[in-house]
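Please find below a note prepared for a reader who is new to this structure. It should be read with the sequence and the model to hand.

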Amino acid sequence: MSFIPPDLVCATAEKGSRERGSSRLYDIGFGVGLLVVQGFGLWRVHRQRSGFEPGNWIRNPHRRRRKGVQGWTRLASPFWAPQEPHPAQDSLLWRNLELITRDRKHRVLNGGGFKKGFGEIRRPNNGNGGSVVHGVGLKKRGFGKNPDEEKGLEDVGNGGFVERKELGVELGGNGVAKKVQTTCSTKWLSYGGCIPAMLMAVEEVEDLDEALKPWEERLSNKERSIILKEQRSWVRALEIFEWFKRKGCYEVHVIHYNIVLRILGKAKKWRHLRSVWDEMNVERIEPINSTYGTLIDVYSKGGFEKEALVWLQRMTKQGMKPDEVTMAIVLQLYKKAGEYRKAEEFFEKWSESALHSHGSLSSHTYNTLIDTHGKAGRLKEASEIFALMLREGIAPTTVTFNTMIHICGNHDQLSEVDSLLQKMEEVRCPPDTRTYNILISLHARHDNIDMATNYFAKMKETCLEPDPVSYRTLLYAYSVRHMVSKAEELVSEMDERGLEIDEFTQPALTRMYIEAGMLEKSWVWFMRFHLSGKMGSDCYAANIDAYGERGHVLEAEKVFSCCQEVKKLSVLEFNLMIKAYGVGKHYSRACQLFDRMESHGVIPDRCSYSSLIQILASDDMPHTAMPYLKNMHESGLVLDCIPYCAVISSCTKLGQLEMAEEVYKQMVGFIVQPDVIVFGVLINAFAEVGSVKEALSYADAMKKAGFPGNTVIYNTLIKLYTKVGLLKEAEETYKLLQSSEDGPSIYASNCMIDLYSERCMVKPAEELFDSLKSKGDANEFTFAMMLCVYKRMGRFEDAIQIAKQMRELRLLTDVLSYNNVIGLYATYGRFKEVVGTFKEMTKAGIQPGECTFKSLGLVLVKSGLSKQAVGKLEVSVKKDAQSGLKAWMSALSAVVRVNESSYR
């Protein structure tokens with residue numbers, strides 16, 4: 001507004017009969033009063049002798065840009081006509097205003113198609129083609145390209161740089177400036193007095209001497225603080241700050257330094273910020289509590305948590321205790337870093353000295369404390385803080401309730417959530433959109449989709465407009481539950497409101513259609529976003545994965561091709577396409593795609609190699625995987641032994657132990673440290689084939705590598721020792737298992753009983769057996785091992801008792817357990833029990849084996865049947881199992897008369 005002539009005389013502003021709505025008088029300096037008539041959005045100038053004619057245009061900070069009129073408003077008819085022309089009409093300013101009035105059409109400037117709206121005047125700029133200005137002396141700061149500076153910064157002269165769009169100007173793609181509306185905000189007007197005019201002048205006039213000339217002699221500390229605080233450009237803020245200091249007539253207070261520090265911190269101009277801090281020390285401007293709070297806050301939000309803590313340490317070293325605001329900033333810092341315990345300790349230490357001296361805390365501090373405990377997973381402590389807040393008489397805000405609802409929901413305390421909602425009603429604290437978003441997410445996570453839908457509807461009933469988060473949360477919940485019709489209704493509603501589907505939700509709905517068996521619809525859905533041209537690389541990758549995981553390789557390839565068309569291929573798309581080929585078992589195509597990556601300008605990364613090697617190794621193709629493993633090592637992408645482990649496991653699975661050892665030696669030769677899994681695979685592989693020497697050598701190598709044994713390794717070794725009959729080594733290993741946290745497995749215990757059985761060591765076998773029974777760990781193999789122990793020792797009655805227990809506990813579940821019992825009865829002439837057990841076996845649908853018929857044949861031979869007859873029965877089973885079993889049963893029944901009912 002600095003273009004209004006200074007010599008205009010202000011009269012009192014009165015409300016006219018033609019005005020609508022409320023009005024407010026603003027003193028904008030130069031002795032001019034402006035009456036803002038709300039409802040018309042006009043600025044009406046009241047004066048005695050202004051010389052302004054109706055139809056002239058002045059800058060209106062409220063008027064929206066439309067129809068090419070960018071912030072300019074036509075003057076309303078005056079309450080009285082001027083009595084005589086004012087001398088201001090002869091001024092250059094007045095001529096400029098008339099020029100603006102006459103020429104309202106957009107004009108295109110030479111050199112780049114720059115469109116010019118009302119109020120823009122072309123004037124020379126040192127021979128550089130001119131610049132756009134607004135009125136006399138209102139020149140915009142220069143925006144020449146500087147190749148030496150970072151992208152997005154433009155030269156503003158005197159070595160300064162400013163970000164694009166900072167000062168009412170933005171650059172086009174060709175570097176030509178485009179006009180952007182600069183408006184006076186409602187916040188500016190709310191300051192009252194001369195401040196709105198000051199802010200507008202500083203915004204429009206580059207020369208600060210000219211901009212602030214009307215108020216130069218009387219700028220108060222408060223006005224200077226507001227001018228600094230309202231700057232959107234850190235460069236302009238520094239210019240104004242330097243101007244204040246250069247004038248020498250103003251006291252530069254620590255508050256002004258705090259404002260500049262915050263502006264520079266928000267802009268992440270750390271070098272400039274440090275310079276200002278150093279200047280404070282030189283000028284002996286003592287930092288106050290809020291200074292350190294500002295520094296802690298901007299460094300924390302800028303991602304420099306450690307530096308923020310350094311500022312906290314400096315503060316405490318100076319004997320300065322944080323006030324409540326600074327304390328809350330530090331809590332936020334610790335919370336952001338996940339240091340919840342430190343946050344709690346800091347608050348406790350602070351509250352010991354500060355709480356009683358400063359009285360109750362603010363609601364903001366309580367909210368921060370509650371949220372900190374919530375993030376740490378401490379529901380009890382969060383609830384206690386909330387209760388303390390209520391006892392102190394601090395009214396909880398919607399933020400408080402939202403935080404508590406979120407915490408209780410995360411701890412599955414749905415009844416507490418309901419109580420909090422009731423409490424909100426009691427204290428008349430209305431829920432906001434975030435409240436409903438939390439409730440929608442909470443109930444969707446607990447699989448109560450109907451309640452989530454109801455809260456979405458209730459939000460709209462209470463005249464709250466769902467935001468994009470509301471829609472996306474519910475839409476994702478529908479998609480993962482394959483609620484196609486509900487999801488489509490929500491998408492239609494979003495389309496009507498012009499809300500965009502984000503790149504996280506889009507592939508979720510693709511998955512929904514795929515998993516619902518609607519493959520064609522899934523493709524239509526994908527194409528909608530592909531054709532819009534707004535899909536990013538990550539979104540294409542997610543769609544490839546959606547199709548690939550379900551084995552739809554053709555569709556995954558089509559998405560890959562679409563991504564290639566729009567030139568957004570990255571290593572992620574290749575990796576997921578390789579994964580899709582692996583799922584679909586198209587191993588050769590996976591290799592071909594990998595081999596073509598570099599021709600597309602994409603370099604394989606660690607994940608590319610690992611995925612392909614894992615795919616090939618898991619399908620028993622270690623020989624094909626080996627060249628890729630070699631290339632991966634040569635590319636410097638092998639960071640651990642995982643790809644080697646995959647190939648070694650594949651080799652051992654195929655029984656190719658020599659190749660497995662060769663891969664192991666290559667790995668060690670490349671100084672890649674094997675882990676316990678690699679050692680376990682090799683030990684187990686050699687244990688299976690009874691190669692004690694090799695298995696033990698890898699066990700020793702594992703110990704030398706510093707890996708403690710684990711239950712898997714110990715169990716494997718016991719299996720090996722049992723196979724080769726090494727009792728002493730097995731006992732030592734078993735003791736290690738007993739001392740471990742998990743304890744010995746039932747398999748290892750059964751192996752030990754088997755070893756004792758082989759050596760007829762009844763007592764240790766019985767002790768182990770009784771221990772397993774008392775713990776409830778004994779299984780059918782445990783009982784079978786003890787049965788064999790007693791049988792081998794000739795303790796028939798004990799063996800029979802074991803057999804009865806097996807029947808009572810229903811442990812006769814497979815052919816091995818039945819064979820043990822039938823063999824026991826056959827050996828000791830208990831033919832009736834043999835036949836009864838055999839009948840149970842056939843009724844249970846368990847197919848008898850060779851050992852079964854051997855025991856049954858012994859019964860028939862002992863009962864007088866010839867070996868030739870028994871041989872014929874064996875042949876009959878091989879020819880026809882069903883008729884053969886009937887022949888065996890008839891022969892056994894003819895020889896041995898048994899009462900079937902006694903065995904049911």
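1. The model is a predicted one. The remarks that follow should be read with that in view.

2. Salt bridges come to 37 in a search of the whole structure. Side chains of opposite charge can pair when their charged atoms come close. Arg 341 is partly exposed at a relative accessible area of 47%, whereas Glu 344, at 16%, counts as buried. A network of salt bridges links Arg 341 and Glu 344 with Glu 345 and Arg 378.

3. Arg 550 and Glu 515 form another salt bridge, their closest N and O atoms lying 2.6 Å apart. This pair connects distant parts of the chain, 35 residues apart: Arg 550 belongs to the loop between H23 and helix H24 (553–565), and Glu 515 to helix H21 (residues 505–515). Arg 550 is partly exposed, with 44% relative accessibility, and Glu 515 is partly exposed, with 31%.

4. Asp 620 forms a salt bridge with Lys 653, at 3.4 Å between the closest N and O atoms. Here too distant parts of the chain are linked, 33 residues apart, with Asp 620 in the loop between helix H27 (606–618) and helix H28 (622–634) and Lys 653 in helix H29 (residues 642–653). Asp 620 counts as partly exposed at 31%, while Lys 653 counts as exposed at 58%.

5. The aromatic pairs number 28. In one of them, the ring centres of Phe 241 and Tyr 257 are 4.9 Å apart and the planes meet at 85°, so the pair is edge-to-face. It links distant parts of the chain, Phe 241 being in helix H6 (residues 234–247) and Tyr 257 in helix H7 (residues 254–266), 16 residues apart. Phe 241 is buried, at 1% relative accessibility, and Tyr 257 is buried at 2%.

6. The pair formed by Phe 526 and Tyr 540 has ring centres 6.0 Å apart and planes at 75°, and is therefore edge-to-face. Phe 526 lies in helix H22 (residues 519–532) and Tyr 540 in helix H23 (residues 537–549), 14 residues apart. Both residues, Phe 526 and Tyr 540, are buried.

7. Ring pairs also gather Trp 270, Trp 277, Tyr 292, Tyr 299, Phe 304 and Trp 311 into a cluster. Over the ring of Trp 311 sits the charged end of Arg 314, 4.6 Å from the ring centre. Likewise, the charged end of Lys 558 sits over the ring of Trp 523, 4.3 Å from its centre.

8. Arg 481 is found in the loop between helix H19 (468–480) and helix H20 (484–497), and is partly exposed at 24%. Beyond its neighbours within four places in sequence, Arg 481 contacts Ala 444, Asp 447 and Ile 449. A polar atom of the Arg 481 side chain lies 2.4 Å from the backbone oxygen of Ala 444.

9. Helix H41 (residues 850–862) holds 13 residues and spans 18 Å from first to last C-alpha, close to the 18 Å expected. Its buried residues include Phe 853, Leu 856 and Leu 860. Among the elements covering the buried residues of H41 are helix H39 (815–827) and helix H42 (867–879). Just after H41, Gly 864 adopts a positive phi of about 110°.

Note on methods
Residues numbered from 1 in each chain as written. Predicted model: local features only at pLDDT ≥ 70, side-chain atom pairs only at ≥ 80, totals over all residues. Heavy atoms only, no water. Helix = DSSP H or I, 4+ residues; strand = E, 2+ residues; numbered from the N terminus. Buried < 20%, exposed > 50% of the residue type's maximum accessible area, 1.4 Å probe, protein only. Contact = heavy atoms within 4.5 Å. Polar contact = N/O pair within 3.5 Å; in protein donor to acceptor, adjacent residues only side chain to side chain. Phe/Tyr/Trp six-rings, centres within 6.5 Å; stacked < 30°, edge-to-face > 60°. Lys NZ or Arg CZ within 6 Å of the ring centre and 35° of its normal. Expected span 1.5 Å × (residues − 1). Salt bridge = Lys/Arg side-chain N within 4 Å of Asp/Glu carboxyl O.
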